[in-house]
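Welcome! Here is a short tour for anyone meeting this structure for the first time. Please take a look at the sequence and the model before reading on.

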Amino acid sequence: MGGMKISVQLYTLRDLLAVDMPAVLKKLKAIGYPAAELAGYGNLKSAAEVREAFDAAGLAVSGSHVSIDRLKNDIDGVIAEQKTLGNTNVVLAWLDADLRKNAADWRGLAATANEAGRQLKAAGLRFLYHNHAFEFEQFDGGRAFDIFWQHTDPELVKSELDVYWVKLAGLDPVAYMKQLGTRVKILHLKDMAAGEGNKFAPVGTGTIDFAAVLKTANDLGVEWGAVEQDNCYGEDPLKIVATSFENLRKLGAI
């Protein structure tokens with residue numbers, strides 16, 4: 001067993017969660033997951049209800065995705081919710097296109113991230129940025145993501161690195177993990193199916209070298225690996241995340 005703990009990003013199960021979040025959490029625990037990462041509250045109404053459902057299922061909260069609007073305008077509310085959830089990892093997971101048009105936008109985002117990171121750290125929490133592929137666009141002769149990392153404080157802004165999106169952008173996920181080093185605190189673990197379309201796939205069934213990803217994660221001290229599959233293509237998402245979990249076990253991650 002490696003040092004990285006395994007979680008599941010609940011966005012994968014969003015349709016099921018919209019019907020009965022407490023029941024889904026119990027099924028994830030039965031698969032073997034010790035924790036889950038939030039992207040909304042499913043059919044529940046508050047952080048307190050979510051915490052109750054996690055406690056009833058015997059799951060921990062490994063992280064929570066939060067919008068940039070809330071980080072800018074309701075940081076106190078965000079902090080209060082995370083305290084209720086028992087969560088320390090606050091993740092910015094999406095940027096609308098109008099917020100990332102040029103290098104200046106990325107420098108501005110870095111300033112926003114530093115400020116959010118400062119306030120979260122003062123409250124005993126941590127700020128992380130979750131990538132897709134658009135972060136690897138070129139502006140002023142460099143990648144947007146590199147501009148972002150160069151202008152953020154390593155003590156305040158960490159990475160939730162998604163290995164699928166790094167590969168889709170044409171980079172080697174392991175090499176980029178090493179570039180960011182110990183700033184990577186959480187990984188999103190999803191595979192890329194072989195063939196045309198670059199479809200999402202359960203961990204261990206596609207073209208990403210997860211043995212190398214997991215070794216590097218342990219070398220860097222990554223704390224959580226969160227299984228995710230954005231689109232399950234009509235298959236039962238619970239079966240999808242169970243396949244990923246079992247393949248991670250075979251790889252020695254569990």
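Two strands count as paired if DSSP finds at least two bridges between them. With that in mind, Ser64 has Val90 as its bridge partner in β4. Keep in mind, too, that this is a predicted model.

- Eight strands with parallel pairing build an open sheet, and their order is β1-β12-β9-β8-β5-β4-β3-β2.
- The edges are held by β1 (5-8) and β2; each has a single partner strand, so one side of each lacks a neighbour in the sheet.
- On average, neighbouring strands of this sheet are turned by 25 degrees against each other, direction ignored.
- Helix α4 (residues 75-85) packs on the sheet, where it touches β2, β3 and β4. The direction of α4 makes about 160 degrees with that of β3.
- Helix α8 (residues 173-180) also packs on the sheet, touching β8 (157-162) and β9 (184-189). Its direction makes about 175 degrees with that of β8.

**Strand β3 and its partners**
- Is β3 largely enclosed or left open? Six of the seven residues of this strand (residues 60-66) are buried, so β3 is largely enclosed by the rest of the structure.
- On one side, β3 runs parallel to strand β2 (residues 35-38), and four bridges join the two. Ala60 in β3 is the bridge partner of Ala35.
- Together, β2, helix α2 (residues 47-57) and β3 form a right-handed β-α-β unit.
- With strand β4 (residues 89-92), β3 pairs in the parallel sense over three bridges. Here His65 stands opposite Val91 in β4.

- Which residues of β4 lie on each side? Asn89 and Val91 are on one side, Val90 and Leu92 are on the other, and all of them are buried, which leaves both faces of β4 covered.
- β4 is also joined to strand β5 (residues 126-130) by four bridges, and these two strands run parallel. One of the pairs links Leu92 with its bridge partner in β5, Tyr129.
- A right-handed β-α-β unit is made by β4, α5 and β5.

**The cavity**
- Rolling a probe the size of a water molecule over the atoms shows where empty space is left.
- How many cavities of 30 Å³ or more are there? The count comes to one, and the largest cavity has a volume of about 30 Å³.
- The lining of the largest cavity consists of Ile68, Leu71, Leu92, Leu109, Thr112, Ala113, Ala116 and Phe127.
- The largest share comes from α5, with four residues.

Note on methods:
Residues numbered from 1 in each chain as written. Predicted model: local features only at pLDDT ≥ 70, side-chain atom pairs only at ≥ 80, totals over all residues. Heavy atoms only, no water. Buried < 20%, exposed > 50% of the residue type's maximum accessible area, 1.4 Å probe, protein only. Right-handed = clockwise from strand over helix to strand, strands pointing away. Axes fitted to C-alpha atoms, helices over the stretch in contact; angles between N-to-C directions. Contact = heavy atoms within 4.5 Å. 1 Å grid on protein atoms, 1.4 Å probe; cavity = no way out; pocket = protein on both sides within 12 Å on 5 of 7 lines; lining within 4 Å. Points joined across faces, edges and corners; volume = space filled by probe spheres on them.
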